[in-house]
Amino acid sequence: MQRKTVRTSLSKTAGFTLVELLITTALATFLVLTITSLFMTFLLSNSSSNSKKTIREEGTAALRGMEFLLKNSLYLSSASCTTNMDSISLISIDRQETELTTITEDSTTKIASNGAALTSSAVAVDNLHFDCSETNNQYRISIEFDLIKTVPTLSENKEITETFRSTVT
């Protein structure tokens, strides 16, 4: 008889109750959702930081490339030196004409030198213009453009824009 009592008491205490299982499942679900939310926030923040870095690197490289070409040119071949030009032509030290302008390639607007892109498809170019003035046969050329990159967010895509400016004399 003692044996029967022991078995009965073990069967009543073995396992988990339904309430315990529900509470454990709810806590585990809450924990997983919290971790997922933190992870998504981290990924989106990282994506935004990488996009800003990409814009800065591409804009600086394009600006430096245009500055180099303008500083080392023999003279401007553009018909006139005016303000708000969307392209500029120059004669480089190899006596070849080089045109700095925008092109559309892969449905993205890029800065180009004689058709060779100075920016990649990772960013789009907007508002490229050159302001040129001449004093005593010395040219002063201002370059300005915007680079735009679209970054995905939870609700909608966000555009990051940065403006680049430089003056070459």
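Biologist: Is Asn127 buried, exposed or partly exposed?
Modeller: In this predicted model, Asn127 has a relative accessible area of 44%, which makes it partly exposed.

Biologist: And where does Asn127 sit?
Modeller: Asn127 belongs to strand E6, which covers residues 124–135, and although Asn127 is not a glycine, its phi is positive at about 60°.

Biologist: What about phi of Asn114?
Modeller: Asn114 is a residue other than glycine with a positive phi, near 50°, and it lies in the loop that joins strand E4 (108–113) to strand E5 (116–117). With a relative accessible area of 49%, Asn114 counts as partly exposed.

Biologist: Changing topic, how many residues does H2 have, and how far does it reach?
Modeller: H2 has 54 residues, and the distance from its first C-alpha to its last is 79 Å, which is close to the 80 Å expected at 1.5 Å a residue.

Biologist: Which residues of H2 are buried?
Modeller: The buried residues of H2 include Ser48, Ser51, Ile55, Glu58, Gly59, Ala62 and Leu63, and Met66, Glu67 and Leu70 are also among them. As background on such spacing, an α-helix has 3.6 residues a turn, so residues three or four places apart point the same way.

Biologist: Phe42 is in H2 too, so is it buried or exposed?
Modeller: Phe42, which is found in helix H2 (residues 18–71), is exposed, because its relative accessible area of 53% is over the 50% cut-off.

Biologist: Now Ser92, where is it, and what is it in contact with?
Modeller: Ser92 is in the loop between strand E2 (88–91) and strand E3 (97–105), and, leaving aside neighbours within four places in sequence, Ser92 is in contact with Ser73, Leu74 and Thr98. Ser92 counts as buried because its relative accessibility is 11%, which is under the 20% limit.

Definitions and conventions. Residues are numbered from 1 along each chain as its sequence is written. This is a predicted model: local features need pLDDT of at least 70, side-chain atom pairs count only at pLDDT 80 or more; totals for chains, interfaces and linings use all residues. Side-chain values use heavy atoms; hydrogens and water are left out. Helices (H or I, at least four residues) and strands (E, at least two) are DSSP runs, numbered from the N terminus. Buried means under 20% relative accessible area, exposed over 50%, partly exposed in between (1.4 Å probe, protein chains only). The expected span of a helix is 1.5 Å times one less than its number of residues. Contact means heavy atoms within 4.5 Å.
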